[in-house]
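Me: I would like to go through this structure by question and answer. Please start with the terms.

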Amino acid sequence: MIYKALLTGMLCYMLIPDLSHGGDHLLYFEAQGISGYSQREDEVIFYSRSQEDVMQKPSLGFDYLQRLSHQSGDFGAVAIQARVAYDDDNFEFQLYNAYLKLKHKSTDIWLGHNRPALGLSSYFDSHGLVLSTLAMNHFGFDRDWGIGVFRNFLWGDAGISLTTGSGMPLHFKGNYLFSIRVSRGILNQENYNSGFSLSYGKLLDTMGYHLMEDETEPFAITGVDFTYLWNQFENRFEIMAGKNRAQNSFAFFYRFGINLLNEGRLKFEAQPVYLKMGAEHTCEISMGSAFIVSGDVTVRTMYHFDYPGDDHKIIFQLYYYRKV
Amino acid sequence: MKRCMLVMVLITAVMGLQTTLRAAVGCDLNDPDRDVARLFPGSSGYKTLYVSIDKKGEGSLLREIEKRLGDKFQGLYETIDVPYTIYEIYQGKEKIGYIHGVNQKGQYGGIQVFLSLDLEGNIRSFYFQKLTSRAAKELRNPEFAKQFKGLNLLDFYPYDVVSGKGKTPNKVDAIINPAPKADFDFRAALRATKKNLILMDEFVLGNRYIKYFKSE
């Protein structure tokens with residue numbers, strides 16, 4: 001089974017370049033190897049967070065973007081981003097982007113599996129990274145199934161989404177998540193973006209593709225996030241508070257990064273995270289480095305400690321992402 | 001465990017088979033709807049195209065472009081498979097111009113230089129999208145951008161991107177650096193503009209300016 005899946009992936013990779021010669025789409029091949037050591041497990045591990053989470057595990061995947069145009073211009077896009085990940089002696093198919101985006105005047109409307117309009121993860125791409133965001137800590141979702149609207153303004157942007165509140169898998173058990181985020185500042189031009197988010201709904205408790213409970217639980221969260229880039233320094237900050245899975249909750253996130261060497265090839269990051277859900281408190285400290293070996297290959301490392309789990313982890317990632 | 005190790009080794013082997021020093025750092029407009037309307041008032045839409053040197057002409061095209069630029073393509077922003085995003089601008093069904101941006105190494109990471117061009121390849125407007133510089137305010141000043149208006153590749157050919165000076169008297173030498181303390185970013189902007197114009201000539205203008213190029 002393993003060999004067949006791997007062989008299929010490799011054959012697909014070899015064949016993909018022959019299918020990609022047009023000018024209205026982008027196709028990338030992705031591969032990553034992950035390994036590390038967990039003091040608590042006292043063994044070598046092949047994931048960056050936990051066995052149940054989707055990111056990051058050894059995987060092969062692709063990232064595809066197709067522009068939709070007619071004679072007088074673009075009217076939308078289709079995006080598909082998927083992986084086959086090695087998961088505890090099994091292979092797991094993971095679908096990240098899977099959406100259709102249509103343009104109406106200056107507004108984008110998307111339908112499918114995409115980023116809900118909640119917090120930093122609504123625009124910060126963590127797809128290949130080993131340090132985690134609040135969305136990967138049960139405060140929102142990195143991707144969710146549903147529909148959304150997004151618009152840029154001169155002063156920033158705004159987004160609204162109505163999603164299933166189930167994350168990676170698609171379930172209908174009375175679950176839903178309504179989110180809205182308004183932000184000021186254009187990160188690519190003004191080097192900062194500060195956002196305010198509101199989110200309300202009934203969520204299913206999922207970890208990756210695993211459904212932990214059949215019952216929905218209420219979710220009502222307010223959040224603020226802030227990103228500021230200055231010279232070679234990067235700062236990302238987020239706070240969320242409210243009811244999460246029916247419990248009074250609070251989350252704090254800060255990531256500091258510094259880019260070194262020519263073209264920022266070397267990056268060091270440090271990240272404290274504090275999570276409170278009901279009576280449970282969790283503190284996490286992560287430190288990481290990333291070295292861009294070439295445009296396609298990046299080597300990342302991470303040291304991670306969490307309390308009260310009292311686990312020290314060291315993770316190594318070899319990440320390959322190439323246009324075909 | 002053994003299986004997992006095998007998977008990782010095979011993934012690495014696949015990567016090794018295909019790895020060359022390539023990159024894929026594209027340069028998209030942050031908000032195409034707004035930027036197109038601003039740069040081409042009266043336009044009704046745009047079409048996004050992706051073009052890369054490796055798909056169009058591979059190594060020989062890269063060498064040709066380097067010759068016209070007068071410098072080697074280097075680093076993450078200038079590898080052969082960079083997907084250049086070109087916006088064709090329409091008024092109804094009629095094409096009226098282009099917008100194209102390139103990444104360029106600046107003093108503090110990458111900068112992004114966008115040009116809007118008419119169908120003959122003349123610069124209608126110049127602007128920085130991404131720019132992390134101590135002199136960002138001066139470089140983003142519209143008065144600085146105005147100096148590029150009306151120039152084309154013919155004007156940029158005599159400009160030597162390595163020395164930062166013109167080999168013969170030319171209009172580019174007349175562009176005034178608004179922030180002498182940011183000379184690195186100023187010269188990066190000029191190099192990015194020349195690179196941008198050469199790529200557009202190769203990709204969409206049918207090499208109409210190649211006849212003016214004088215190889216040394």
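Reply: Two strands pair if DSSP finds at least two bridges between them. Helices (H or I, at least four residues) and strands (E, at least two) are DSSP runs, numbered from the N terminus. This is a predicted model, in which local features need pLDDT of at least 70 and side-chain atom pairs count only at pLDDT 80 or more, while totals for chains, interfaces and linings use all residues. Residues are numbered from 1 along each chain as its sequence is written, and chains are lettered from A and ligands numbered from 1 in the order in which they are written.

Me: Which residue of β12(A) is the bridge partner of A:Trp230?
Reply: Strand β11 (residues 210–230) of chain A pairs with strand β12 (residues 233–244) of chain A in the antiparallel sense, over twelve bridges. The two form a hairpin with two residues between them, and A:Asn231 in the turn has a positive phi of about 45 degrees. The partner of A:Trp230 is A:Phe233.

Me: Which residue in the turn between β12(A) and β13(A) has a positive phi?
Reply: β12(A) also pairs in the antiparallel sense with strand β13 (residues 247–260) of chain A, over twelve bridges. One bridge joins A:Met240 to A:Ala251 of β13(A). These strands form a hairpin with two residues between them, and the turn residue with a positive phi, about 50 degrees, is A:Arg245.

Me: Is A:Asp310 buried or exposed?
Reply: A:Asp310 lies in the loop between β16 and β17 of chain A, and its phi is positive, about 55 degrees, although it is not a glycine. A residue is buried if 20 or more other C-beta atoms, placed from the backbone, lie within 10 Å of its own, exposed if 12 or fewer, and partly exposed in between. A:Asp310 has 9 other C-beta atoms within 10 Å, so it is exposed.

Me: What is omega for the cis peptide bond that joins A:Tyr307 and A:Pro308?
Reply: Most peptide bonds are trans. A:Pro308 is in the loop between β16 (297–307) and β17 (311–323) of chain A. For the cis bond from A:Tyr307 to A:Pro308, omega is about 15 degrees.

Me: How are α4(B) and α8(B) oriented to each other?
Reply: The axes of helix α4 (residues 58–69) and helix α8 (residues 183–203) of chain B come within 10 Å and cross at roughly 135 degrees. Axes are lines fitted to C-alpha atoms, for helices over the stretch in contact, and angles run from 0 to 180 degrees between N-to-C directions. Angles under 35 degrees count as roughly parallel, over 145 as roughly antiparallel, 65 to 115 as roughly perpendicular and the rest as oblique. α4(B) and α8(B) are therefore oblique.
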